[in-house]
Structures are given as C-alpha cells and as structure tokens.
Amino acid sequence: MNEPSPEGPDGPADEPEVTSGLPSVPEELGSILELMPEEKRQQALFLMTRVVSRTYRGPVPPADEMEKFKAVDSSFPERFVQMAELEQLHRHAMDKGDQKYNFDLKKWGQDKAFYALLILLAVILALVVMGETTVAGVLAGTTILGVVGMFITGRYFEYKSDKADLDD
C-alpha cells in the first residue's frame with residue numbers, strides 16, 4: 001500500500017502533535033495503537049479521520065466562520081451581507097410579482113365569468129320573449145345554478161388548498 005502524502009493542496013500539511021510516539025489520540029486508542037506493529041499502526045492512523053460537519057441556516061455564516069473568511073479576503077464579510085440583501089430584494093420582488101399575477105388572473109376570470117353570465121341572461125330573456133319559457137327556465141335553472149355552484153366550490157377548494165399549503 002502506498003504511503004500517504006503529508007502534503008495537502010496548499011503545501012505540506014501541519015504535523016499532528018506527537019506524544020509518546022503517537023499523534024494526539026484518545027487514551028483508549030493510544031493504548032490499542034501501541035500494541036499494533038509499526039506498519040499496521042501507520043495504516044490505522046492514516047485511516048482514522050475526524051469528520052466535522054457544521055451547518056447553518058441562511059446566507060450569512062456565523063461570526064467565527066466569517067472571521068475565517070475575512071482572513072482569506074477582507075471583503076468577504078461585506079460581500080456575504082450584500083449577497084443576503086440582494087437575495088432578499090429578489091425574493092420580495094418575486095413574491096410581489098406572483099401576487100400581482102394571481103390577482104390579475106383572478107380578476108380576468110371574474111370579468112370573463114361576468115360577461116358570460118350577461119350573455120346567458122340575454123339568451124334566457126330572448127327565449128322568454130319568444131315564448132319558450134320551459135327552455136328558458138331549464139337553461140336558467142341548471143346553468144346559473146351550475147355556474148354559481150362552481151364559483152362557491154371553486155373558492156372553497158381554493159381556500160382549502162391554500163390552507164393546506166400553509167400547514168406544510
């Protein structure tokens with residue numbers, strides 16, 4: 001097996017602190033490692049890794065991470081804050097656009113439904129004038145009740161759907 005290279009991407013890696021011939025490891029592991037043959041000990045030390053995962057929410061990292069970024073480039077903290085502000089402005093603009101679109105779409109639908117009902121009422125009135133009261137009554141009863149029922153249930157299901165989205 002090839003020996004691990006002590007060099008990282010940025011040059012030689014820092015050597016771990018060595019106590020009694022072993023890098024700093026918990027005492028239990030140190031006593032186990034001392035019992036191993038030298039070549040196996042080196043392989044075991046190479047295979048042992050410490051995985052650290054840090055997560056945070058939002059676009060701006062915590063202060064200690066921000067200090068590390070500042071050490072790389074002094075403009076990074078300001079750029080993070082600027083990025084967060086721009087993201088917020090974008091998100092608000094998108095929400096505002098969505099709200100306007102939904103409002104315009106509902107208004108357009110209501111306008112068209114109103115015009116359709118006016119045309120339907122004109123047809124029903126023409127049928128009454130022509131003496132076709134039975135046809136006019138059936139058309140008026142079924143169609144108008146259907147349209148009104150659709151508006152009521154459409155609003156009910158829309159409200160129910162919106163409420164379910166809020167619960168998620």
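**Close-up 1. R91 and E87 in helix 4.** Four residues apart, or about one turn of the helix, R91 and E87 both lie in helix 4 of this predicted model. Their side chains form a salt bridge in which the closest N and O atoms are 3.7 Å apart. R91 counts as partly exposed, at 41% relative accessibility, and E87 is likewise partly exposed, with a relative accessible area of 40%.

**Close-up 2. A nonpolar patch that includes L121.** On the surface, F114, Y115, L118 and L121 form a nonpolar patch, and together they have about 410 Å² of accessible area. One of these residues, L121, has its place in helix 4, which covers residues 76-129, and is partly exposed with a relative accessible area of 46%.

**Close-up 3. E38 and R41 in helix 2.** A salt bridge joins the side chains of E38 and R41, with 3.2 Å from N to O. The two residues are three apart in helix 2 (residues 38-47), so about one helical turn separates them. E38 counts as partly exposed at 42% relative accessibility, whereas R41, at 15%, counts as buried.

**Close-up 4. K68 and E65 in helix 3.** Here the side chains of K68 and E65 meet in a salt bridge of 3.8 Å, N to O, and both residues lie in helix 3 (residues 63-72), three residues apart, which is about one turn of the helix. K68 counts as exposed at 52% relative accessibility, while E65 counts as buried at 18%.

**Setting of the close-ups.** The protein has five helices and four strands, and 11% of its 168 residues count as buried.

Notes: Residues numbered from 1 in each chain as written. Predicted model: local features only at pLDDT ≥ 70, side-chain atom pairs only at ≥ 80, totals over all residues. Heavy atoms only, no water. Patch = residues over 30% accessible without salt bridge, like charges linked within 9 Å, V, L, I, M, F, W, Y side chains within 5 Å. Areas by Shrake-Rupley, 256 points an atom, 1.4 Å probe, with all protein chains shown as cover. Salt bridge = Lys/Arg side-chain N within 4 Å of Asp/Glu carboxyl O. Buried < 20%, exposed > 50% of the residue type's maximum accessible area, 1.4 Å probe, protein only.
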